[in-house]
Amino acid sequence: MIRAADLHKRYGDLVVLDGLDFEIARGERVAFLGANGAGKTTLFRCLLGLTDFDGALAVDGHAAGPAGEEVRRRVGYVPQLPPVYDLSLDGFVDLFAGLRGVSREAAAERLADLGLSLEETGGKEMGELSGGMLQKAYLAMALAAETPALLLDEPTASLDPASRREFVRLLQEVDGDATMLLASHRLEEIEPLADRLVVLHRGRIAFDGALEELWATAGMTAGLWIAAPPAEREALARELRRNPAVRAVHPNGTGVRIDADEADHLDVLERLRRSDVPVVEFRTRPPALEEVLAKLVGEDGEGPR
Amino acid sequence: MTIDRPLVRRELRDAVRRYWFLVNAGAFAVAGLLFVLFGDTGSMLVGSRGYARALAGLMQLALVFVPLMALVPSVVAIAGEREAGTLDYLLAQPLTRTRVFVDKWTGVGTAVVLSVLVGLGFTAVAAALKGVPGGRIAALMGLTVLLALAFVSLGMWLSALTTSRTKATSLGLTVWLLLVGLGSLGVMSAFVQWGVPAGALEAWALVNPIEAYRLAAIAILDPEAGVLGAVGQALLEALGVAGLVAASVASLAAWSGAAFLLGRRAFSRPDRRGPGRTPARSTT
């Protein structure tokens with residue numbers, strides 16, 4: 001559905017996209033990851049025709065670019081920072097539903113699905129709405145247009161954790177046929193939403209695959225976090241350090257985080273059970289995304305290891 | 001009446017929501033009525049000729065005020081959205097850039113023209129009641145609308161070239177000051193004294209939209225009133241009343257069309273700036 005071939009973009013001397021090649025099939029959910037300046041937002045801007053570029057980029061065979069009206073017709077967009085128009089929510093819906101050829105009723109229905117009543121909040125100026133309400137308004141407009149593809153540029157960047165979780169839940173309910181492109185730094189939204197990850201580094205694709213493959217490629221596995229009563233925490237750390245399967249022990253909050261192969265997690269817990277150290281809680285924890293990306297592209301950002 | 005263009009509708013609503021639409025129309029109406037009712041006081045002329053001279057006074061006000069009325073909303077129409085970060089989301093919709101430009105021009109232009117017509121409407125009625133021929137009043141209103149549209153196009157062009165409200169407004173005011181200043185009789189007289197060829201001055205008088213409007217307005221109202229100035233008088237003698245009005249109308253129409261096309265061209269080029277974060281506050 002979406003195809004990029006030898007896609008280049010530079011701003012003056014700064015190369016932002018350096019020969020990207022990828023294909024995204026209909027219904028695929030792809031997360032684009034990377035540090036700030038890696039090229040995620042620029043890629044989205046190219047797709048939306050907000051900037052020009054060299055190379056080929058197309059949606060359903062229609063070329064993207066400033067004249068790419070047909071591409072924009074197929075793509076719903078939720079921006080990173082929802083711009084605040086000097087309009088009431090009613091005015092916003094009237095304008096953008098009108099531009100998309102969506103009825104006011106359909107837009108109101110989508111807003112209601114997301115917990116925003118146009119009857120109650122329609123008269124409010126957009127500047128009076130909370131960040132969460134604004135994001136919902138933009139998501140509602142994108143969903144109401146029923147486009148085959150959704151472009152979500154760090155859509156939860158301005159939300160608090162509770163709103164973020166709700167937003168992710170709402171996106172999980174989006175029609176399965178819709179292709180979703182998500183730019184994000186957050187594992188908690190990538191994991192439930194994306195089935196493919198594309199890591200951009202300095203305008204190039206440093207990784208393209210599933211999340212588990214990303215961990216494996218970076219040589220990282222899920223960690224294990226174990227908690228003991230405060231008085232026993234030192235004993236817990238001591239006991240864990242004695243276990244040859246445990247590579248490193250990191251005291252962490254009320255417990256201890258260890259680095260060990262996932263296959264050894266059960267054995268570690270079993271040995272603790274047999275010891276005198278009381279374990280009150282344990283959880284597996286995926287590696288932090290920042291650490292994975294740092295390993296993948298090199299701690300110094302100089303390139304893949 | 002329902003407007004089937006959401007962006008045009010939005011610009012019109014915006015104009016009504018903001019004070020400038022009503023303030024402009026109101027101020028213009030009050031000034032016009034004052035000129036018509038009291039402008040001929042002290043004049044030795046009586047009847048419609050006296051009121052025509054009063055209307056000519058109103059036109060002096062219009063040639064300064066109408067360009068400003070048109071420039072203020074048009075110069076921020078694009079630059080304001082660009083600065084607020086709202087333009088990108090608008091351009092992410094299934095629209096061509098030309099369509100966005102045309103709809104914004106139509107919305108701002110309609111609002112400006114309506115405020116001019118509402119403002120002039122009261123004056124026109126009062127002038128008609130005082131005996132000024134309706135045809136002349138209608139011609140003047142048409143001319144004033146052309147002047148307004150020329151400056152809406154000019155404002156939209158400047159707006160497409162700039163990235164902030166402040167820059168766009170400063171640029172708009174500079175252009176306005178230059179055109180008003182270089183059209184004034186004092187400056188034209190100075191040019192004559194400096195030996196600038198008469199032909200160049202006549203050409204400039206027709207090229208400058210404000211001066212073209214002034215000459216056509218006086219020619220329509222009362223070409224014998226003696227307020228055309230030396231350059232205007234020479235043009236009148238060369239072209240006649242109809243020719244002078246036609247040349248002025250062509251000049252205003254050319255400004256409107258050329259600035260519109262240049263603005264559309266400037267706007268059709270995608271932004272060269274990077275995707276940096278933009279303040280999320282609309283001001284247009």
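Two residues are in contact if their C-beta atoms, placed from the backbone, lie within 7 Å. This is a predicted model: local features need pLDDT of at least 70, side-chain atom pairs count only at pLDDT 80 or more, and totals for chains, interfaces and linings use all residues. Residues are numbered from 1 along each chain as its sequence is written, and chains are lettered from A in the order in which they are written.

**View 1. Chain B meets chain A.** Here 25 residues of chain B are in contact with 28 residues of chain A. Helices α1 (6–17) and α4 (87–91) of chain B each supply at least two residues of the side that touches chain A. Helices (H or I, at least four residues) and strands (E, at least two) are DSSP runs, numbered from the N terminus.

**View 2. An open sheet in chain A.** Four strands stand in the order β12-β13-β11-β14, with antiparallel pairing. Two strands pair if DSSP finds at least two bridges between them. The edge strands β12 (248–252) and β14 (281–285) of chain A each pair on one side only.

**View 3. The β12–β13 hairpin of chain A.** These strands pair in the antiparallel sense over five bridges. Two residues lie between them, and A:Gly253 in the turn has a positive phi of about 60 degrees. A:Pro251 stands opposite A:Val256 in β13(A).

**View 4. Strand β13 of chain A beside β11.** Strand β11 (residues 223–227) of chain A pairs with β13 (residues 255–259) of chain A in the antiparallel sense, over four bridges. A:Val256 in β13(A) is the bridge partner of A:Ile226.
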